[in-house]
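Colleague: Please take a close look at the cavities in this model. I would like to know what lines them.

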Amino acid sequence: MKNYLLLSVLLLLLLSSCGTNSSSESFYVKNIDELNKAISQINPGGEIVLANGVWQDVQIIFYGIGRPEAPITLRAEAPGEVLIQGTSNLKLGGEYLVVDGLYFTNGASPAQAVIQFFINDDTLANNCRVTHSAIRDFNKSQRNKEDLWVLFKGRHNELDHCYLAGKSNRGPTLRVDLASNESIKNYHNIHHNYFGPRQPKGGPSAETIQIGDSGTSMAPSHTLVTDNFFDRCNGEVEIISSKSNFNEFRNNVFYKSEGSLVTRHGNYCVIDGNYFIGSERSPHVGGIRLIGTGHWVTNNYFYNLNGEIFRGPLAVMNGIERSAINRYFQVTNVVVAYNTWVNCRSPWQFGVGSNIDQRDVLPPSEIRSETPIRTLVANNIIYNAVGDKMPIVRYDSIDGITFQSNIINNQGIGFRGVEGLEEMDFSMKQLEENIWVPSSDLSSIEVHYGFEFDQITKDLFGNSRGVNNSIGATNGVNAGKTNIIAITQYGPAWYNPTPPEAAPKTYAVGSSEELVAALANAKDGDIIALNSNRYEISSPLKITHKLSIQSADTLSKSIVSYTGAAETPAFEMNPKGQLNLKSVILQGTGKNYAFASLKENMSSLYNLKLRDVEISDFDFVLKAYKYSFAEYIEFHSTVIKNCNNGLDLSSEDDNKGEYNAENISIVNCQFEGVDQNVINYYRGGYDESTVGGNLVIKGSTFTKSGGKDATGILLNTYGIINVAIAGNTFQNNNVQLVARLWGAKNNTATDNTIVNAGRIVTEQNLPQKLMY
């Protein structure tokens, strides 16, 4: 009898096992043909192992039907040792698939995305996961060519413990697509990823994460973005652009990222327990910007943020009356509670984007006149180590906002306050770098309990709010959480985002041949010292990485004479090229250029810094071609004379919000005999989400310049948002205008001396072409 029962059990288990059709089989593959064959044969529970090495020009289509208890896995033989390069991408389709340990680098996708959770419109991915993988510098050849690195469709998909950094071309790093019924209510989970530095793009469409788009913004998404690290994500003004309903953003760290988390379209987002860490050096690091209905902003921590307007620490926008779906809806029924702002400039900014004064140049469909209503700001803390004259900025009426149980220590500096924000003398203590918590007992402050506040059960650190609840992001002075911004908590364990840098090497060169050879051999960060008096160069010096070139004796400058062909540059700025040129005399033939970008295939930005340089006899000092972009162009203590053109950064003429450089600095320089385009810096198109560029001209002298410019303007800055012209001398320039400034933006001119050189005018509202 016992044997009979045992036999029955074994038979039942055998039949059950056969019924699952699962497998523990493993395929080891070394090329794309073997991989495709394995994919066609794999069963639930099986795995495909990609051999270590370079997989060049592979388009992987990973289709399978796994099960919750028996997924199908595609993994690297060793995490990070399978390098996907060249014209390559990965498409997933089916159910319960896992991709683990791949590294995409040195290439670009031939399709819409590098990794996409669908194969075609009929074959989406559901319950699939990409984990412990990396994408770095996997860019199209030019910044205007659009793609994404990760594109979600389907439902219940997951991206976790991945590293994504270095995207430079148009398009969000990651996007969730809701363009079908199969992709709404998707409940995707994006967690524990390291979104590494993304350089400024110089225009729109460079978000790190975009969830939905304008056309699907009223659809429910339910995407969860949690426990991610956003490190210097500077692509554009929106780091995260939420364009759908019911998304949640929890426990993320935004570290020195020049933008904001934005509820751009859609409603009912939860923004809880996030850290926004800024930098005293950057005026562009933002926090949270709110548009739309029903958002809850709770338990967030803001530190050292200096952004303004669209990048304000808390920016609550005005809406457009009867707004189109792709514009700005009024803020209504929003809760901002239990947050802490420490050393933030103007931490609360309301009515952001109000532009009633631009009715003369904009149609009614663009006028943001609808102020926030039915909005509650409660139980928040503001602490300023140095008093702020305007901790609350009102760009319009705040009558629709209720303030309850908020406190501020503004060090006794008076400001225009509101009822519901009490000035108090309390102190803070540093828990760890960048993290400050109250050291004073704030239990005397009565906590405001609004509708559904009982659902705010935990604080920033995960401590319960059920007992002895207190205002601010942290419940009292108890911490319970450390190493908050340790990057080891994010991304794949096998990837080191901050490898050690080699010490720079100095090459001492005494001839033109040695200069060319040193340039070819130098590594990132190296220095080339010019020992001789003169160097004759007949073909462009290609700058492909970070490099310094300087005279060995700064008191006796070396001469670099460029005799190359017309319209070629002495220094050719390539993608990722960063040149620091110091104490050099640079001479041309009158027909060639001193500096220029590539005419095409500028897949990444370049940077250019000059100090104590003398430039003469060139056609162009700097020629920036279309689709090129620089983050920094700095001319300090530099003389420019007898050139046909100066700095020309005006090639982005499509009027779509693009421009050729983010920051231009001209300090203590001399311009003499520069005929036209002395400084021509252009940004076209009415795109309010593009908040650049930035131009500083300070302590410089301009003489006998600009007379041949067709515009009659010495300094052309049309459409540039931030312009500061201060302490300069303009003398004997045959122009009508020194500059025409945009009064509605941050354009200023102070302490300048103008003698026989035109005038500076301010036009409040420059006409702009609409992009939409």
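Modeller: What follows describes the cavities and the residues around them. The model is predicted, so totals for linings use all residues, while local features need pLDDT of at least 70 and side-chain atom pairs count only at pLDDT 80 or more. Residues are numbered from 1 along each chain as its sequence is written, and side-chain values use heavy atoms, leaving out hydrogens and water.

Four cavities of 30 Å³ or more are found in the structure. A cavity here is a set of points on a 1 Å grid, over the protein atoms alone, where a 1.4 Å probe fits but cannot get out. The largest cavity holds about 110 Å³ of space, a volume being the space filled by probe spheres set on the points, which are joined across faces, edges and corners. Its lining, meaning residues with an atom within 4 Å of a point, has 17 residues. Nearest the centre of the largest cavity lie Gly-235, Glu-236, Arg-311, Tyr-659 and Glu-662. By type, the lining of the largest cavity has four nonpolar, eight polar and five charged residues. Nonpolar covers Ala, Val, Leu, Ile, Met, Phe, Trp, Tyr, Cys and Pro; charged covers Asp, Glu, Lys and Arg; the others, Gly among them, are polar.

The second largest cavity has a volume of about 60 Å³. Arg-143, Ser-168, Gln-199, Pro-200 and Lys-201 are among the residues lining the second largest cavity. Its lining also includes Met-602, Ser-603, Ser-604 and Leu-605, together with Tyr-627, Ser-628 and Phe-629. For the second largest cavity, the lining divides into five nonpolar, five polar and two charged residues.

Key
1 Å grid on protein atoms, 1.4 Å probe; cavity = no way out; pocket = protein on both sides within 12 Å on 5 of 7 lines; lining within 4 Å.
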